[in-house]
Amino acid sequence: MRIVVREIKNDKTEIEDVKEFLFDQINKEYHIGPTPKFHYDIFGLDEYYINPNENNFFVALDGDKIVATIGIRAYDKDFEFFRGIYSSEDTASIWRLMVDVDYRRKGIARLLVEKAENFADNWGYDRIYLHTHRYLESALPFWKSSGYEVTVEEDDYDETVHMIKILDE
């Protein structure tokens, strides 16, 4: 196994392959199909990650096979409890960290997070926001071990946990 991490290309076939991988992973992990309300950024990968210079999307490949992904983009949510704290100018956000079950626990997620963090730091972001869910067994321990701190834990249906990491200066 030789894993290569790189940006996705603005290539129609590759974009479709990434979408197929993401929707397959979402189906396996969350047991839902493509849903525009939740997956608008996947349907619009070029609009959300490829075309804006301040955003990016990375894949981990084993040969030609996509085995993991991560997206990084300017913070664009409007959570009431973060108004006036995070903005698209100083905060990036991580999305779509997905690792195929056969490739987990091999350091691939860390490689992708490092790539996204370096991109954000080079672009001039001060911090990175993400949210995850308590029901994802290894998510919180992984993010905490990567230097992310919990800012808000919601008592909602999705068991949402909001996290932040301040980038080194």
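## Backbone, sheet and helices

Trainee: To begin, where is the place of Arg105?
Mentor: This is a predicted model, in which local features need pLDDT of at least 70 and side-chain atom pairs count only at pLDDT 80 or more, while totals for chains, interfaces and linings use all residues. Residues are numbered from 1 along each chain as its sequence is written, and side-chain values use heavy atoms, with hydrogens and water left out. With helices (H or I, at least four residues) and strands (E, at least two) taken as DSSP runs numbered from the N terminus, Arg105 sits in the loop between β4 and α4.

Trainee: Is Arg105 buried or exposed?
Mentor: Its phi is near 65°, a positive value in a residue other than glycine. Buried means under 20% relative accessible area and exposed over 50%, with partly exposed in between (1.4 Å probe, protein chains only). Because the relative accessible area of Arg105 is 82%, this residue is exposed.

Trainee: Is Arg96 likewise to be called buried or exposed?
Mentor: Arg96 is found in strand β4, and its phi, near 60°, is also positive in a residue other than glycine. Its relative accessibility is 14%, so Arg96 counts as buried.

Trainee: Which strands stand at the edges of the sheet?
Mentor: Two strands pair if DSSP finds at least two bridges between them, and on that basis seven strands form an open sheet with mixed pairing, in the order β1-β2-β3-β4-β5-β7-β6. Two of these strands have a single partner each, so one side of each is left without a neighbour in the sheet: β1 (3–7) and β6 (149–153).

Trainee: By what angle are neighbouring strands of this sheet turned against each other on average?
Mentor: Axes are lines fitted to C-alpha atoms, for helices over the stretch in contact, and angles run from 0 to 180 degrees between N-to-C directions. For the neighbouring strands of this sheet the direction is ignored, and the average turn is 25°.

Trainee: What angle does the direction of α1 make with that of β4?
Mentor: Taking contact as heavy atoms within 4.5 Å, α1 packs on the sheet and touches β1, β2 (56–62), β3 (65–74), β4 and β5. The angle between the directions of α1 and β4 is about 75°.

Trainee: At what angle does α4 run to β3?
Mentor: The helix α4 lies across β1, β2, β3, β4, β5 and β7. Its angle to β3 is about 30°.

Trainee: Which residues does Ala109 contact, leaving aside neighbours within four places in sequence?
Mentor: Ala109 has its place in helix α4, and because its relative accessibility is 17%, it counts as buried. With those neighbours set aside, Ala109 is in contact with Leu97, Val99 and Phe142.

Trainee: Which residue in β3 is the bridge partner of Asp62?
Mentor: Six of the seven residues of β2 are buried, so this strand is largely enclosed by the rest of the structure. The hairpin of β2 and β3 has two residues between the strands, with Gly63 in the turn showing a positive phi of about 70°. In β3, the partner of Asp62 is Lys65.
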